[in-house]
Amino acid sequence: MVTPAKVLRFHIHYFIWRNRRGAVSLQSIYDFVDSCCSWDAEDLVPETRSKPTSPYSWKRNVRNVLTRDVPKGILNRPRDGEYIWNEQQGKPPMWSFITAEAMDNLNGEARFSQLYEEIERLAMRDFTDRWKMTVQGTIERHSSDSENFENYDVFYSVQGIGQGFWGLR
């Protein structure tokens, strides 16, 4: 089965958002998505149009996500083959992005207490009384190690479920 656009979109958005201080090239997006995803045979089918622009269908699907998200105002395209995060959306970053960035800043693995400190230091959102529970839920929803897994396998349990020690895939 071809990797769904929503899975590609998460990785594409996270990469562009993480590099939000400048434009990112299409090739760097390909490289990042390729490092995050496991491809099946359908993703690796060569494009069959008269003039193939890439050897794999997953790259076409990445371009399709980008093409759809520029008109929506999520991304901007300052030049051909370059993309930037649209900071003017007026929405705070998703908790999954903030949590992944904080964990990455902590060398890819962290206990909840360390993660909370780093998220507070980043100060990218307003904090409610329940923000720490939101972070926990975000990690669980985005980890196939968790019973609460929904989608986007971004995090993993370092020492087993219930230990409060998580890593970034």
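This is a predicted model: local features need pLDDT of at least 70, side-chain atom pairs count only at pLDDT 80 or more; totals for chains, interfaces and linings use all residues.
Which residue, with a positive phi, follows α5? The residue is A123, whose phi is near 45 degrees.

1. Basis of the note. Residues are numbered from 1 along each chain as its sequence is written, and side-chain values use heavy atoms, with hydrogens and water left out.

2. The nonpolar core. A nonpolar core is taken here as a set of buried Ala, Val, Leu, Ile, Met, Phe, Trp, Tyr and Cys residues joined through side-chain atoms within 4.5 Å. Buried means under 20% relative accessible area, exposed means over 50%, and partly exposed lies in between (1.4 Å probe, protein chains only). The largest such core has 43 residues, and those touching the most other members are I12, I16, I29, V33, V62, L66 and L115. Two or more residues each come from α1 (5-18), α2 (26-36), α3 (57-69), β3 (82-85), α4 (95-105), α5 (112-122), α6 (131-141) and β6 (165-168). Helix α1 gives the most, with seven residues. Helices (H or I, at least four residues) and strands (E, at least two) are DSSP runs, numbered from the N terminus.

3. Contacts of I16. Contact means heavy atoms within 4.5 Å. Beyond its neighbours within four places in sequence, I16 is in contact with V24, I29, L66, L75, Y83, I84 and W85.

4. H13 and D69. H13 belongs to helix α1 and is buried, at a relative accessible area of 8%. The side chains of H13 and D69 are joined by a polar contact of 2.6 Å; the term denotes a pair of N or O atoms within 3.5 Å, where within protein one must be able to donate a hydrogen and the other to accept it, and residues adjacent in sequence count only if both atoms are side-chain atoms. H13 and D69 are 56 residues apart along the chain, with 9.5 Å between their C-alpha atoms. With neighbours within four places in sequence left aside, the contacts of H13 are D69, I74, L75, W85 and F97.

5. Aromatic pairs. Rings of Phe, Tyr and Trp (its six-membered ring) pair if their centres lie within 6.5 Å; planes under 30 degrees apart count as stacked, over 60 as edge-to-face and the rest as tilted. This rule gives 14 aromatic pairs. One of them is the tilted pair of Y14 and W17, at 6.4 Å centre to centre and 35 degrees between the planes. Both residues lie in helix α1, three residues apart, about one turn of the helix. Y14 is buried at 9% relative accessible area, and W17 is buried at 2%. A further tilted pair is formed by W95 and F127, with 6.3 Å between centres and 50 degrees between planes. W95 lies in helix α4 and F127 in the loop between α5 and α6, so this pair ties together parts that are 32 residues apart in sequence. W95 is buried at 13% relative accessibility, whereas F127 is partly exposed at 32%.

6. Aromatic cluster and charges over rings. One aromatic cluster is formed by F10, Y14, F15, W17, F32, W85 and F97. A charge sits over a ring if NZ of Lys or CZ of Arg is within 6 Å of the ring centre and within 35 degrees of the ring normal. R20 lies over the face of W17, at 4.1 Å from the ring centre, and R111 over the face of F165, at 4.6 Å.

7. Buried residues of α5 are F112, L115, Y116, E118, I119 and L122. They lie on the same side of the helix because they cover an arc of only 165 degrees around the axis, the arc being that of the directions from the helix axis to the C-beta atoms. The face turned away from this buried side carries the exposed residues E117 and R121. Among the elements covering the buried residues are α4, β4 (109-111), α6 and β6.

8. T99, in helix α4, is buried at a relative accessible area of 0%, and its side chain reaches the backbone oxygen of W95 at 2.7 Å. T138, in helix α6, is buried at 2%, with a polar side-chain atom 2.8 Å from the backbone oxygen of T134. Residues up to four places away in sequence aside, T99 touches L115, I119, V135, T138, I139 and F155. On the corresponding basis, T138 is in contact with W95, S96, T99 and F155.
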